[in-house]
Amino acid sequence: MHLNNDKEIVKIEQSRARLSELLKQKYPERKPVCYLHSYGCQQNVSDGEKLKGMLSEAGYDFCDTAENADLIILNTCAVRENAEDKIYGIIGEYKHLKNNNPELIIGICGCMAQESKTAERIKSTYKQVELVFGTFAYKQLFDMLYEVISNRRLVINQSEDDGNIIEGLSAVRTSSFSASVSVMYGCNNFCSYCIVPYVRGRERSRTPDAVYDEVSGLIKSGYKEIMLLGQNVNSYSYGFPQLLRKLNSIDGDFIIRFMSSHPKDASHELIDAIVECEKVAKCLHLPVQCGCNRILKEMNRRYTVEDYLEIVSYARSRITDFSFSTDIIVGFPGETYDEFCQTKELIKNVGYDNIFSFVYSKRSGTKAALMQDNISEKQKGLWLRELLMEQRETSQKLLSRFVGKTVRVLIDSDVSGKEGYVCGKNSEGIIVELMGSSELIGSFAQVKVIKAMNWALLGEIVI
Ligand code: 5AD
Ligand code: SF4
């Protein structure tokens with residue numbers, strides 16, 4: 001382990017011991033209970049698991065609702081305005097919990113908590129919140145909690161990145177068969193609409209050995225699906241295709257997925273690695289954002305529709321069935337209806353198995369926030385609906401390609417409202433439902449697809 005890392009770990013351990021002592025004095029009869037909820041992307045969920053790991057080491061237990069907690073932590077998302085509004089709404093509702101139990105600590109962390117405007121608003125309006133810490137402050141978690149518990153004052157920590165990645169902190173993982181593993185943090189791309197580079201800092205990569213060790217450990221303890229995470233895995237410093245090949249060599253029966261990939265540096269080498277590594281899912285989440293070159297330029301995406309289609313066609317020249325999914329932003333400032341129609345055209349051309357589409361949300365501090373925006377929210381909402389209708393038609397046609405085929409599915413849950421059915425994802429990430437008991441959850445099954453439904457497949461298990 002790196003020397004700096006060892007030193008930091010020793011410091012964190014000392015802070016943990018001090019907090020544990022304090023918690024034992026404060027709660028002599030029982031363990032204190034924490035309700036931690038993560039909103040937003042998988043990176044945030046993964047950060048939440050790490051925070052839980054730290055809190056567990058300090059002596060906290062966890063609960064699923066805020067009502068009886070001693071500590072509430074909301075791990076927030078800042079990517080769109082409605083995500084932020086939701087958090088303020090929830091904090092507002094928690095006021096009565098704080099009134100009933102003055103000992104309760106309410107904290108917010110994550111992307112929104114890294115923004116200075118959030119700290120200001122919390123200070124002035126949400127007195128029930130005593131802890132605000134951003135995306136780089138997790139190393140000081142124990143000290144911050146110690147401070148709040150012993151001095152009962154608002155602690156705000158929006159420290160900037162020191163560039164160090166701490167290895168060796170354990171996580172409390174939600175799933176026992178599917179695990180997220182971060183390979184890099186931050187983003188250098190500054191797409192003009194996006195707040196992420198401002199709240200998550202510059203790119204920094206974990207070493208291939210650190211990632212390899214973590215993944216090997218997870219596979220040894222029975223994990224079946226590894227989701228590699230990064231804002232843009234293609235700029236992983238040590239070469240992402242090489243990392244895929246290295247992880248593919250780990251013994252065991254498991255599937256590797258990853259997200260996200262920036263199209264500007266999605267290379268043939270990446271596609272080759274996906275195609276040639278038998279454990280890597282044959283699909284690529286490649287956020288295109290829109291199908292018009294003028295808007296792509298305004299978005300500072302640094303690729304054209306033609307560049308994008310070249311990658312798609314290369315992938316499909318290697319495997320006909322190569323699956324794509326994407327993110328789309330509708331109603332970027334200045335976008336015209338004709339330009340929006342080019343996005344509809346693109347999604348028809350590519351044939352995505354899944355799209356995640358969003359109405360543009362103005363994020364103050366970004367370049368796009370200064371651009372003239374004449375389209376009404378109502379109009380943007382209508383465009384979004386139009387896009388979804390287009391995608392529904394395309395995806396229904398596409399899903400039927402699986403009918404009659406046998407696919408491998410990692411069963412991950414019961415189907416809610418459908419007694420006796422479970423579901424999971426196939427290699428392409430498409431949901432497959434089948435008749436079966438909950439005991440199948442966490443294992444792979446061979447499933448013959450008998451029907452394509454609107455958004456998922458129906459199949460039966462093949463013995
Ligand atoms: N408004 C709407 N959608 C956004 N995204 C990022 N920033 C914004 C914004 N300001 C979307 C992009 C990105 C996904 C994670 O969130 O499509 O790929
Ligand atoms: Fe945001 Fe662009 Fe970075 Fe993705 S690549 S996190 S959209 S700035």
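## Salt bridges

A salt bridge is a side-chain nitrogen of Lys or Arg within 4 Å of a carboxyl oxygen of Asp or Glu. Asp-272 and Arg-318 form one, with 2.8 Å between the closest N and O atoms. A search of the whole structure, which is a predicted model, finds 34 salt bridges.

Another joins the side chains of Arg-16 and Glu-13, at 2.7 Å from N to O. Arg-16 and Glu-13 are three residues apart in helix H1 (residues 3-26), so about one helical turn separates them.

## Basis of the values

The model is predicted: local features need pLDDT of at least 70, side-chain atom pairs count only at pLDDT 80 or more, and totals for chains, interfaces and linings use all residues. Residues are numbered from 1 along each chain as its sequence is written, chains are lettered from A and ligands numbered from 1 in the order in which they are written, and side-chain values use heavy atoms, leaving out hydrogens and water.

## Overall form

The protein chain has 14 helices and 19 strands; these are DSSP runs numbered from the N terminus, helices (H or I) having at least four residues and strands (E) at least two. Along its principal axes, the C-alpha trace spans about 65 × 55 × 50 Å.

For 463 residues, a compact globule would have a radius of gyration near 23 Å, and the chain agrees with its 23 Å. This radius is taken over C-alpha atoms, and the globule rule is 2.2 Å times the number of residues to the power 0.38.

## Domains 2 and 3

An automatic or database assignment sets the domain bounds: domain 1 (7-157), domain 2 (175-281), domain 3 (287-401) and domain 4 (403-461). The C-alpha centres of domain 2 and domain 3 lie 24 Å apart. Their contact (heavy atoms within 4.5 Å) takes 21 residues from domain 2 and 26 residues from domain 3.

Between domain 2 and domain 3 there are two salt bridges. Helix H10 (residues 268-276) gives six residues, the largest share of the side of domain 2 that touches domain 3. That side divides into eleven nonpolar, seven polar and three charged residues. Here Ala, Val, Leu, Ile, Met, Phe, Trp, Tyr, Cys and Pro count as nonpolar, Asp, Glu, Lys and Arg as charged, and the others, Gly among them, as polar.

## Backbone exceptions

Most residues other than glycine have a negative phi, and most peptide bonds are trans. The peptide bond from Met-259 to Ser-260 is cis, with omega near -5°. Ser-260 lies in the loop between strand E11 (255-259) and H10.

Phe-190 is not a glycine, yet has a positive phi of about 45°. Phe-190 is placed in the loop between strand E8 (184-185) and helix H7 (196-200).
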